[in-house]
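Hi,

Here is the structure I said I would pass on.

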Amino acid sequence: YYANEISPPFLSHLSSLSLPIKIIGGSASTVDGVEISSDCADIVVCAQCFHWFVPYPAAYMEARRILKRDGVLCLLWNERDTSIKWIKDLEDEIIGPLYEGFEEDVPRQQSKKWEDTFEHFLGNYYGNLHSVCYDKSVVHEGGEEMIVGRIMSLSVVSGRSEEDRIAVEKNVRRWLRNRDDIDLKNEKMTYRTELYYTRVIA
């Protein structure tokens, strides 16, 4: 197994696992410099990250280079379950505004911009793009620290200056403590998994 990751905390955790994984250098979002030979992989999985791979066509072709014929490109995201009122309010009032003014540099999976670029590749390099959604696939349980930790781990937050991160955290805690429908000692933060996959055909 090969793994590519640019976040130091995630890399540290990955390195601590007792798994047969080789961590490769470079950034998949820039496509260049990935230390994997052509036609060697059965599957390429992009988890919580493909919306960062700009330009998308270059990323599709890099995945195609790595994959064997009939190999699978899999894109997946765990999305907050906004059918739950407080999570929907959190998205609208706290998380959404974090992206304002950053939309060009910080693409969001919800925009589906990556999907718009796929048309040229379907039928030429990849087969049909399939999708499936798993409701309540991930549930994080905990109190205030769990919820704050989930927000602070967002790319749009973790990439900011320390001063900005402190301000975001204070705002999140203030918002949470003003709610009467959130159990700050033992709450559940529910996600759904959106999975997309396609096979190499040429």
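Helices here are DSSP runs of H or I with at least four residues, strands are runs of E with at least two, and both are numbered from the N terminus. The angle between α5 and helix α7 (residues 162-177) is about 140°, and their axes lie 10 Å apart. Axes are lines fitted to C-alpha atoms, for helices over the stretch in contact, and angles run from 0 to 180 degrees between N-to-C directions.

Before going on, some ground rules. This is a predicted model, where local features need pLDDT of at least 70 and side-chain atom pairs count only at pLDDT 80 or more, while totals for chains, interfaces and linings use all residues. Residues are numbered from 1 along each chain as its sequence is written, and side-chain values use heavy atoms, with hydrogens and water left out.

Back to α5 and α7. On the α5 side the contact (heavy atoms within 4.5 Å) involves E144, E145, I147, V148, I151 and M152, which meet R165, V168, E169, V172, R173, L176 and R177 in α7. Sorted by class, these residues come out as seven nonpolar, no polar and six charged. For the classes, Ala, Val, Leu, Ile, Met, Phe, Trp, Tyr, Cys and Pro are nonpolar, Asp, Glu, Lys and Arg are charged, and the others, Gly among them, are polar.

α7 also meets helix α3 (residues 85-98): their axes come within 12 Å and cross at roughly 155°. That makes α3 roughly antiparallel to α7. This crossing, too, is right-handed. W86, D89, L90, E93, I94 and L98 of α3 make the contact with V168, N171, V172 and W175 of α7. By class there are seven nonpolar residues, one polar and two charged.

Now the sheet. It is open, has four strands in the order β3-β4-β6-β5, and its pairing is mixed; two strands count as paired if DSSP finds at least two bridges between them. β3 (41-47) and β5 (130-142) are at the edges with a single partner strand each, so one side of each has no neighbour in the sheet. On average, neighbouring strands are turned by 20° against each other, direction ignored.

β4 (residues 67-80) and β6 (residues 187-199) run antiparallel and are joined by nine bridges. Two spots to look at there are E79, which stands opposite R192 in β6, and V72, whose bridge partner in β6 is R199. β5 and β6 are antiparallel as well, with 10 bridges; G142 has E187 in β6 as its bridge partner.

Which helices pack on this sheet? Helix α2 (residues 56-66) does, touching β3 and β4, and its direction makes about 130° with that of β4. Helix α5 (residues 144-152) packs there too, touching β5 and β6, with its direction at about 35° to that of β6. In α2, the buried residues are Y56, A59, Y60, E62, A63, R64 and I66, where buried means under 20% relative accessible area, exposed over 50% and partly exposed in between (1.4 Å probe, protein chains only). Their cover includes β3, β4 and α4 (113-116).

One residue I looked at separately is S158, found in helix α6 (residues 155-158). S158 counts as partly exposed because its relative accessibility is 42%. Leaving aside neighbours within four places in sequence, S158 touches M152, S153 and R165. The C-alpha atoms of S158 and S7 are 9.6 Å apart, although 151 residues separate them along the chain.

Finally, the whole chain. There are seven helices and six strands, following the pattern β-α-β-β-α-β-α-α-β-α-α-α-β along the sequence. The C-alpha trace spans about 55 × 35 × 35 Å along its principal axes. Of the 202 residues, 40% count as buried. Among contacts with a separation of 6 or more, 77% are between residues 24 or more positions apart.

Cheers

Terms used: Angles under 35 degrees count as roughly parallel, over 145 as roughly antiparallel, 65 to 115 as roughly perpendicular and the rest as oblique. A crossing is left-handed if the near helix is turned anticlockwise from the far one by less than a right angle, and right-handed if clockwise.
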